[in-house]
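Dear colleague,

I am handing over the structure below, together with notes on what was found in it. Please keep it open beside this email while you read.

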Amino acid sequence: MDELNIGEQLKSLRKSLNLTSQEVANRVDISQSYISRFENNRAIPDVNMMSKILNALGTDMATFFSQVEQSKEIPDDLAQLIELSKQLTPEERVKLTEFLKVIKSNS
């Protein structure tokens, strides 16, 4: 699992959702230090625990691992932008797109 940087991907997903490790730990009913150990690749969660953590982060194993594989090619900042944009309403996405076009045209 280390090769896939699972811990780093968990942390990135958590941060993109503006959650603290304590908030995730509370949702899963484990200690914050346990979450920290996963995120820093000092421990590997078993399948059941991984499923609970991902559920607390609003995703599932299949989705998460497909995104981990894809993220090898995507810079962290872009991955965070993608995750945040998934949470936007259609109207907010239109506004964001318009805003990005303005920024791009001014550069």
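**What was found**

Arg14 is found in helix H1, where a helix is a DSSP run of H or I with at least four residues, a strand is a run of E with at least two, and both are numbered from the N terminus. Before going further, please note that this is a predicted model, in which local features need pLDDT of at least 70 and side-chain atom pairs count only at pLDDT 80 or more, while totals for chains, interfaces and linings use all residues. Residues are numbered from 1 along each chain as its sequence is written, and side-chain values use heavy atoms, with hydrogens and water left out.

Is Arg14 buried or exposed? Arg14 is buried, with a relative accessible area of 9%; buried means under 20% relative accessible area, exposed means over 50%, and partly exposed lies in between, with a 1.4 Å probe and protein chains only. Leaving aside residues up to four places away in sequence, Arg14 touches Leu19, Thr20, Ser21, Val24, Glu39 and Leu57, where contact means heavy atoms within 4.5 Å.

As for the whole protein chain, its secondary structure comes to seven helices and zero strands, and of its 107 residues 30% count as buried. Among contacts between residues at least 6 apart in sequence, 60% join residues at least 24 apart.

The next topic is the nonpolar core, meaning a set of buried Ala, Val, Leu, Ile, Met, Phe, Trp, Tyr and Cys residues joined through side-chain atoms within 4.5 Å. The largest such core has 18 residues, of which Leu10, Val24, Val28, Ile53, Leu57 and Phe64 touch the most other members. The elements that give two or more residues to this core are H1, helix H2 (21-28), helix H3 (32-39) and helix H4 (47-56), and H4 provides the largest share, five residues. Phe64 itself touches Ile6, Gln9, Leu10, Leu13, Met50, Leu54 and Thr59, again not counting residues up to four places away in sequence.

Two helix pairs deserve a careful look. Helix H1 (residues 6-16) and helix H6 (residues 76-86) pack at an angle of about 45 degrees, with their axes 9 Å apart; axes are lines fitted to C-alpha atoms, for helices over the stretch in contact, and angles run from 0 to 180 degrees between N-to-C directions. That angle makes H1 oblique to H6, because angles under 35 degrees count as roughly parallel, over 145 as roughly antiparallel, 65 to 115 as roughly perpendicular and the rest as oblique. In this pair, Glu8, Ser12, Leu13, Lys15 and Ser16 in H1 meet Asp76, Gln80, Glu83 and Leu84 in H6. Ala79, which also lies in helix H6, is buried with a relative accessible area of 17%. Although Ala79 and Ser12 are 67 residues apart in sequence, they are 8.3 Å apart in space, C-alpha to C-alpha.

How do H2 and H3 compare in angle, and which residues bring them together? H2 and H3 pack at an angle of about 115 degrees, with their axes 8 Å apart, and are therefore roughly perpendicular to each other. Their contact is made by Ser21, Gln22, Val24 and Ala25 of H2 and by Gln32, Ile35 and Glu39 of H3.

With best wishes
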